[in-house]
Amino acid sequence: MAISYRSTRDQHATSFLASQAVLQGLSPDGGLFVPDHLPQLNLELMDLPKLTYQELAFKILQPFFSDYTATELQDCIAKAYGDNFTSPQITPVKFTADLAYLELFHGPTIAFKDLALQLLPHLLQLAAKKNQTALKTVILTATSGDTGKAAMAGFADVKDTQIIVFYPKDGVSEVQEKQMRSQTGANTHVVAITGNFDDAQTKVKEIFDDPDMALALQQKGYRFSSANSINIGRLFPQMVYYFYAYGQMLKAGKITAGQAVNFSVPTGNFGDILAGWYAKKLGLPIKKLLCASNENNVLTEFFASGIYDRKRPFHVTTSPSMDILVSSNLERLLFYTLDQDATKTAQLMDQLSTRGVYMLDAELITKLQTEFFADFATIDQTATEIKRVFEKEGYPLDPHTAVGSFVARQYQLKTGDLTPMIVVSTASPYKFPEAVLDALGKRQEATGTAALKQLHQVIAQPYPQTIVELFTAPLLHDLTCDPKDMKKLVLQLVK
Ligand SMILES: *Cc1c(COP(=O)(O)O)cnc(C)c1O
């Protein structure tokens with residue numbers, strides 16, 4: 001039976017095709033799309049080491065994108081995971097003495113969001129065609145650094161799309177800003193706003209919800225869409241690398257087929273780790289998923305107590321892509337935990353938005369604790385972990401990965417569970433040179449490209465291609481605007 005999709009908040013379970021869910025991103029009732037059932041994969045664990053990343057992606061994704069033809073999906077996968085990745089394995093695994101690191105940073109923007117955002121534009125383009133929308137697409141994104149660049153890299157020069165990215169002028173690193181402002185592609189627009197990330201995010205949501213904006217855009221032949229991580233076109237492609245990692249563990253002789261593994265996942269919006277949970281439901285032998293947070297540890301508290309409370313101070317840390325207080329994708333896990341009860345899910349989400357807090361019954365949180373372990377690392381613990389692993393193994397971690405690595409070792413110490421552990425490595429250390437140099441005690445006041453050169457000397461690892469290009473790339477975008485002028489600017493940019 002072909003998979004269709006329904007909303008986590010719709011008690012009538014109205015059915016949508018995969019391409020409709022991709023096109024809409026969010027369900028009209030504000031809920032998230034979930035598959036109506038999970039498929040039986042045509043896949044033996046033993047065969048995993050023999051499959052290429054692209055072959056595996058096709059086997060896993062085909063049932064989830066059931067109204068795409070096999071040829072269409074294969075074509076999307078071929079375009080998404082090719083020479084744009086600098087490793088032919090796409091997501092190689094590196095082994096140190098005590099841990100394995102699944103490297104998700106060999107794509108064009110050297111962070112893990114490329115795994116989803118290199119595929120999504122192709123899925124979206126086909127979805128528009130299948131649903132016979134005559135309208136072209138405008139992708140609007142507010143970014144704190146990583147998503148904006150990854151989305152632009154994915155959508156650059158994709159036919160019938162325009163992408164507009166807003167970032168806080170003083171809220172991203174120099175490397176991130178240069179990466180964004182040097183983005184090529186006539187359909188890409190980058191704008192610095194004189195405000196913080198929340199200002200940008202709030203304004204983008206307002207623009208999405210404004211019927212006058214929708215109408216004005218329609219008259220120009222466009223509709224809005226989002227590249228947000230709640231889109232099923234981003235969520236499900238992330239299952240693939242969990243299976244691929246398992247195959248590489250087998251290939252390296254670290255495990256035998258059927259043996260359980262643990263994954264430690266640096267977590268923000270709960271998309272990456274949720275994909276791991278779906279992989280488990282599809283039959284991948286995962287014992288525990290470790291939800292690793294930084295000082296914004298709302299999820300650590302949730303998994304310990306069942307209380308989700310976003311009314312807390314926001315911490316700016318060295319792992320900015322995890323500085324988040326509302327983890328959107330958690331709603332999908334709640335929906336399953338509540339036995340797919342959409343009414344209850346909607347009630348909890350309503351409490352979160354009106355009161356800033358909700359609570360899950362004790363017995364349900366106990367059930368979740370059998371699958372998840374949650375913990376966090378402070379800024380100091382993150383830095384110490386970077387230093388420890390580099391001094392012991394000569395292997396440099398970025399701060400996000402270091403959070404995952406720290407929590408993995410805490411878990412082993414606290415539980416004594418020595419099941420083979422894979423740390424999901426979400427960014428290259430070259431993306432955060434200042435923080436990595438600080439952790440290693442080697443920074444001499446350098447920032448931006450100067451810090452990159454210093455880090456290069458310290459870790460003696462080749463520059464990723466995108467960093468080489470960054471040194472000479474011309475800055476192509478130079479727009480700044482006040483948050484209150486964002487609407488006007490969007491209409492000017494869409495021609
Ligand atoms: C986005 C991001 C994360 C968090 O992933 P989620 O799916 O939002 O939980 C972790 N590390 C890096 C480098 C990221 O860019």
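Which residues does the UniProt annotation "domain: Threonine synthase N-terminal" cover? According to that unreviewed entry, the domain spans residues 5-81. This is a predicted model, in which local features need pLDDT of at least 70 and side-chain atom pairs count only at pLDDT 80 or more, while totals for chains, interfaces and linings use all residues. Residues are numbered from 1 along each chain as its sequence is written, and side-chain values use heavy atoms, with hydrogens and water left out.

**Annotated domain**
- Over residues 5-81 the chain is 35% helix and 8% strand (DSSP runs: helices H or I of at least four residues, strands E of at least two, numbered from the N terminus).
- The end C-alpha atoms of this stretch are 26 Å apart.
- UniProt annotations may be inferred rather than shown by experiment.

**Helix α11**
- Helix α11 covers residues 240-251, and eleven of its twelve residues are buried (under 20% relative accessible area, 1.4 Å probe, protein chains only).
- Among the buried residues are Tyr-241, Phe-243 and Met-249.
- Just after α11, Gly-253 has a positive phi of about 75°.

**Six-stranded sheet**
- An open sheet with mixed pairing has the strand order β3-β4-β14-β9-β10-β13 (two strands pair if DSSP finds at least two bridges between them).
- β3 (93-95) and β13 (372-376) are the edge strands, each pairing on one side only.
- Strands β9 (residues 261-266) and β14 (residues 421-425) are parallel, joined over three bridges.
- Asn-262 has Met-421 in β14 as its bridge partner.

**Cysteines**
- The whole structure holds zero disulfides (pairs of cysteine sulfur atoms within 2.5 Å).
- Cys-76 counts as buried because its relative accessibility is 2%, and Cys-291 because its value is 0%.

Conventions. The expected span of a helix is 1.5 Å times one less than its number of residues. Buried means under 20% relative accessible area, exposed over 50%, partly exposed in between (1.4 Å probe, protein chains only).
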